[in-house]
Amino acid sequence: EVRVPTRLQQALAALKTRTCGAIAFVSGRPIAEIDRLFAPLKLAAVGGHGAEIRITPDGEITRSKLARIDDELRSEFATIVELDKGIIVEDKGYSVAIHYRLAPDAGGEVMKHIVAICRSERCEALEILPGKFVVEVKPTGYDKGSGLAEMMTVPPFLDRKPIFIGDDVTDHAAFAALPALARKR
């Protein structure tokens with residue numbers, strides 16, 4: 001139910017022009033979903049917490065070949081909705097997000113169930129990312145910081161000082177990458 005205000009689209013389009021295209025979305029959402037939400041505006045993008053990267057607005061999407069969450073695990077995470085009718089499990093392709101904004105008191109139980117599912121060795125290559133009324137489970141090996149770092153190696157981002165705006169725990173990896181990226185310019 002995400003809605004992007006027209007004024008935000010206009011502001012981002014203006015920034016795209018003023019920066020000669022050096023603006024990108026960096027999100028946990030898949031790039032296809034970012035494009036749908038912001039249509040008709042299209043920017044360079046890092047999606048799926050770094051699992052997908054599109055260097056230019058009309059370029060190809062490069063997808064990570066790292067481990068994915070297997071179908072059996074996805075099914076186990078899906079059962080968490082049974083804890084409370086306000087819990088929503090969102091399969092993002094590269095990750096699974098368990099939202100409990102509509103059931104804020106269920107956060108502890110959600111985390112307990114995720115940890116119980118992830119005790120097996122099938123989860124060795126996965127990480128758990130708690131956020132604002134959400135817990136996301138994704139493969140290790142990429143994150144928003146690694147995606148941002150890759151984006152900064154090519155024009156129009158190359159030799160620029162990165163500025164990142166984020167509002168969730170899953171953005172910490174991008175913030176952690178900024179000092180090294182700023183020194184490279």
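In the predicted model, four strands form an open sheet with mixed pairing, arranged in the order E1-E2-E3-E4. Strands of a sheet pair through backbone hydrogen bonds, either parallel or antiparallel. The pairing of E1 with strand E2 (residues 44–47) is parallel and extends over three bridges, and within it Val 26 has Val 46 of E2 as its bridge partner. Helix H2 (residues 31–38) packs on the sheet, where it touches E1, E2 and strand E3 (52–54), and the direction of H2 makes about 130° with that of E2.

The crossing of H5 past H6 is right-handed. On the H5 side the contact is made by Lys 144, Gly 145, Leu 148 and Ala 149, and on the H6 side by Ala 173, Ala 174, Ala 177, Leu 178 and Leu 181. Classified by residue type, this contact comprises seven nonpolar residues, one polar and one charged.

Arg 74 lies in helix H3 (residues 71–78) and, with a relative accessible area of 13%, is counted as buried because this value falls under 20%. The side chain of Arg 74 reaches the backbone oxygen of Gly 93 at 2.5 Å. Leaving aside residues up to four places away in sequence, Arg 74 touches Ile 69, Asp 91, Gly 93, Ser 95 and Val 96.

How values were computed
Residues numbered from 1 in each chain as written. Predicted model: local features only at pLDDT ≥ 70, side-chain atom pairs only at ≥ 80, totals over all residues. Heavy atoms only, no water. Helix = DSSP H or I, 4+ residues; strand = E, 2+ residues; numbered from the N terminus. Buried < 20%, exposed > 50% of the residue type's maximum accessible area, 1.4 Å probe, protein only. Polar contact = N/O pair within 3.5 Å; in protein donor to acceptor, adjacent residues only side chain to side chain. Contact = heavy atoms within 4.5 Å. Left-handed = near helix turned anticlockwise from the far one by under 90°. Nonpolar A, V, L, I, M, F, W, Y, C, P; charged D, E, K, R; others polar. Pairing = 2+ DSSP bridges. Axes fitted to C-alpha atoms, helices over the stretch in contact; angles between N-to-C directions.
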